[in-house]
Amino acid sequence: MTSPDTSPVMHNLEGHGDFDVAWPWLNQTLAPGLTTVLRVKNEARSMPRVLPGMLRATDRVVVVDNQSEDGTADVARQVAAELGLSDRLVVKDYPFDVSRCGLEHLWTPDRSVHSLAYFYNWSFSHVSTTYSMKWDGDMVLTPEGIAVLRDLGWQLDGDVLVTIPRHPLFVESESVAYLDRGTANIEPYVFPMASGYGHVKAFEWELRLHPEDITRLRLPEGLCVELKYLDSDEFAHWTAPDSFADSIRTGRKRREWEVFHALAEGRWREVGDIERIEAPAGVNVIDYVTERWLPQSHRPVFVGGLEFPVTPGELPIDPDRRGPDGRLLETPEIRQGVRRTTETEDVDDIDGAATPARVRRVAEAATEATKELPDASNRRVLMVAGSGRSGTSLLAGIVAQLGLHVPQPEISSDSSNPLGFSEPAWVVEFNDRLLRRELVEVSDARPQAWFITTRLSVQPRARLLLFEWFKLQFEQADELVIKDPRLSWFLGMWRAAALRHGAQPSFATMLRHPTEVVSSKSQQYPGPAGNTNRTAAWINLMLFTERATRGSRRTFIEYDDLLDDWASVIRPMGDALGLHSIATARTADLRRVEEFVRPSLRGSHGGWDGLGVSAPVRDLAEEAWTQLRKLAKGEDTASQATALDQLRRDYMRFYAEAEGIVASSIDAATPSGPPNDAFLVEFERSLT
Amino acid sequence: MHDNEPDDSATSPERWRQHPRRLVLVAGSGRSGTSTMSGILQQLGLYVPQPEVVADDSNPRGFGEPQLVVDLHNALLSRAGVHASDARPTAWTLAEEAVTDSVSSALDRWVVEQFTQAEVAETTEIVIKDPRLAWFLPMWQNAARHAQATPCVVTMLRPPYEVVGSKSRYYGGRMADSNRTAAWVNMMLQTEHATRSSRRAFVSYHGLLDDWTTALYRVGEVLGLSGVENASTDDIRRVHQFVDPSLRRVKIGWSDIEVPAALRDLADETWEQLNTLVEPTADEELVHKRLDELREAYAGLYHDAELVAMSSVIAARRTRPTPGATTKRRAAPGRLDRVAQLVPHSVRARIPAGIRQRARAGISRLRRVGR
């Protein structure tokens, strides 16, 4: 079947001109970002649970109401208004009967307004961003899910489709629900908005086209549940159960049918892999599952999924080794310092050896599930972001003196940083291994490197290690400070791991004039990259760090301000980010900080002269510095975000232009085998 | 010339022997009418060393490219690590260094032998054409002199936006058109510089297709080619039948391709200056000086861009070479796509996702590198 978008407008068989499909990419320039398309029919009950997450997670939500009789559209408008996010909501009305999945769908022509494929094409034609996401009116995101989708809105690049696993949750009452661990529903949801991605008709339902060689980004489990209310007819949109009785395409539907009826008849234990979840008193079970239970539960959620066992030595603290006082003991590897990856060790092994899961017996899993979940309300994770050589060590050191916990052991100080780095060794090792796996430099000027690190960030193995590591840290302290110059590349993954533990993540980004950063770097880390490239890398890192932390609790701090009067910077920061340790710091703590800060020297601002940075890069860096400083001066506003987005796009274009010109150098740098000299040898010989 | 003019080659059969030896090198960027030019010269009796690269679907009239010349140039470029359309201003030195003394003297002997062959075909004029020729102009000029022949260069000129074509596409965010444009500037400025000491003619592509007789008459005059001067009516009729007017069809401008403004300005100025050289009397110091400045400006522009994009160069340097792949850097993007497609879908689907993803990442990395 050819793509339906080969002609500019798709007409329907019934001749309803008002409901022709006009492809948006032909009529307008699509704004960068992600739009959710929700097609709903009588989903008023779910809207208050589904919609807030979607409005927070994506740039726009198009709700297409198909003849609801329960006021779904009005509830949707009301939910958006209550959140103050009405500007993100678009409600459209589709007044035609749509054929139910199965046989009815099969007999409906694809260009009819009654066809599912036509309905989808019409619904998606209201998207005005570069990427779109199909969503159902009964799918609820976890906080991690919201954070991950929020990031994708700016991270996605090129022809990518995103698949998201979802977990069926059968809701019995306000306080009891059943999670089906025996089903792995993984569907592509996010697609680019472009020609070649239209919806077409399949046998039982519609499907969306995409190029064969598209990049797929598979998101981790635990981001979303799909609600099934036991008191409603969950199969109303199907023609009849025998529509999905035998095809391999409909096996998932048969499982759903089986579980649904087993639950309704009280014989769910016979089905297997069903987990009964009861919320604490006064808490709605859907909230409980999405906000606490699922984020903290074992991975894989799907019993047939791949287990990634954590081996001793991968975590700095071995959970099975405790001292006489019950405190955790460090592993021998860590006592000796960081376990550096050797040259011969394949950096790919961050993937670990994935072993097929032993199918966990439900009883066993249930024991873990009903375990008391810890109180997380005091947990905070402060992540110190920004370029190296910008005072990130100083800031982390100050908050550590005030009581935030630096995960141990730390990298020891050296001549480049006599105060110490306040860098947890495990964090450095973890981030470093990920970066090296895809050849991203700590200081990398490529805008496309952000999508590379996004791909690394969704690896289940990496996320599992990070989750387990955080678990150990929260046994030590509630408020943590994490600092590593590589952190900016993985902010989304770190934030998500903190969220899964119920902690509140926040970000402090250090700002220092690029000339100081660059001259300091060229002294401390001489290498093949010159100052022009270092400056470009600074622009890249700072503009994308700003984008990655937008929407979170965050603060920007100028290096010079911190040196001038640290107390007047740190106090408001503690308040803004809700850091208890800082609010309750005592005089003795403050005196310690004073002694810690005193030896720090102000960097010399030598200006651009002598750095040899080319003019266009210098101009872009100055502009970025001017715009970013405004954030430190309290101008963290929507219009400032627009200005920074524009600047980021200017930089991306500038880099692409430079890269285009020098493709020959990139080409020449790519290792290839030795040249084939056989012809030349023969040529020389044949003519003697 | 008129059809009823007597054919003078018949009246004095040995006259061609009195003509001096000429080695005509047809230079210029690919897709600029170099095949048409060398084809015309061949029709007019100039000798093309045999065997030639065989004609194919993409060029049914043949390339007029001697097989040995193509093989030699490819081998030398491979040794130098230089791409046929390399935009690096430093690539010229690399290509020159690949030409060792033993290669030079082998070529000297080969050229002498070709003149012997030419004489069998009753001419003292040879034409050599290959899109990679620009990289080795000094080598060929020296070989010509060794064979007591005068090196002559015909450089074809076509607007850069037409050469780059309308394939405005991005590979992994990178602008492919920029590199093609940069490569054009690099090649044209260097070709001009390297041919100042030779007899030379610059020929406009559009001029050649509009009216080849004017263009060729002038080439014959400037280079002193007896093949042109003494062309018979039969020769001329054959050329008319050979020149393909449908080549004129492409009509595009800068607006059809994606190139940074600074590079576009440089390409425009280069185009303008080279065009003045179509008029032989303009080939003098003032223009040469301006072209020297442009060459310097281009080197500066390239250097600045290289500093910015150093991260991409470093990342490329660290990619692991594919085992057994010796010609990766010359693999065309189309070929990489085909590698993936060679694996049937049913088999690809059974490869574990992780491995497939990594393979795809590898291929897309290569694709970004290829042009």
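In which helix of chain A is the place of Glu546(A)? Glu546(A) belongs to helix H17 of chain A, which spans residues 531-549. The model described here is a predicted one. Its relative accessibility of 2% places Glu546(A) under the 20% limit, and the residue therefore counts as buried.

When neighbours within four places in sequence are set aside, the residues in contact with Glu546(A) are Arg554(A), Phe556(A), Leu628(A), Leu631(A) and Leu644(A).

**Strand S4 and its parallel partners**

Strand S4 of chain A covers residues 60-65 and is mostly covered, with five of its six residues buried. S4(A) pairs with strand S3 of chain A (residues 31-40) through six bridges, and the two strands run parallel. Within this pairing, Val40(A) has Asp65(A) of S4(A) as its bridge partner. S4(A) also pairs with strand S5 of chain A (residues 89-93), again in the parallel sense, over five bridges. Here Val63(A) stands opposite Val91(A) of S5(A).

S3(A), helix H2 of chain A (residues 47-57) and S4(A) form a right-handed β-α-β unit. A right-handed β-α-β unit is likewise made by S4(A), helix H3 of chain A (residues 72-83) and S5(A).

**Aromatic pairs**

Over all chains, the structure contains 27 aromatic pairs. One of them joins Phe19(A) and Phe96(A), whose ring centres are 5.0 Å apart; because their planes stand at 80 degrees, which is over the 60-degree limit, the pair is edge-to-face. This pair links distant parts of the chain, 77 residues apart: Phe19(A) lies in the loop between strand S1 (9-10) and strand S2 (21-22) of chain A, and Phe96(A) in the loop between S5 and helix H4 (103-106) of chain A. Phe19(A) and Phe96(A) are both buried.

A tilted pair is formed by Trp135(A) and Tyr189(A), with 5.6 Å from centre to centre and 55 degrees between the planes. It too connects distant parts of the chain, 54 residues apart, since Trp135(A) is in strand S6 (residues 129-136) and Tyr189(A) in strand S10 (residues 185-192) of chain A. Both Trp135(A) and Tyr189(A) are buried.

**Ring cluster and charges over rings**

Phe19(A) and Phe96(A) also belong to a cluster linked by ring pairs, together with Tyr94(A), Phe119(A), Tyr120(A), Trp122(A) and Phe124(A). Over the ring of Phe124(A) sits the charged end of Arg208(A), 4.6 Å from the ring centre. A further arginine, Arg500(A), lies over the face of Phe467(A), at 3.8 Å from the ring centre.

**Helix H11**

Helix H11 of chain A runs over residues 392-401; eight of its 10 residues are buried, so the helix is largely enclosed by the rest of the structure. The buried residues are Thr392(A), Ser393(A), Leu394(A), Leu395(A), Ala396(A), Gly397(A), Ile398(A) and Val399(A). After H11(A) comes Gly403(A), which has a positive phi near 120 degrees.

Methods
Residues numbered from 1 in each chain as written. Chains lettered and ligands numbered in written order. Predicted model: local features only at pLDDT ≥ 70, side-chain atom pairs only at ≥ 80, totals over all residues. Heavy atoms only, no water. Buried < 20%, exposed > 50% of the residue type's maximum accessible area, 1.4 Å probe, protein only. Helix = DSSP H or I, 4+ residues; strand = E, 2+ residues; numbered from the N terminus. Pairing = 2+ DSSP bridges. Right-handed = clockwise from strand over helix to strand, strands pointing away. Phe/Tyr/Trp six-rings, centres within 6.5 Å; stacked < 30°, edge-to-face > 60°. Lys NZ or Arg CZ within 6 Å of the ring centre and 35° of its normal. Contact = heavy atoms within 4.5 Å.
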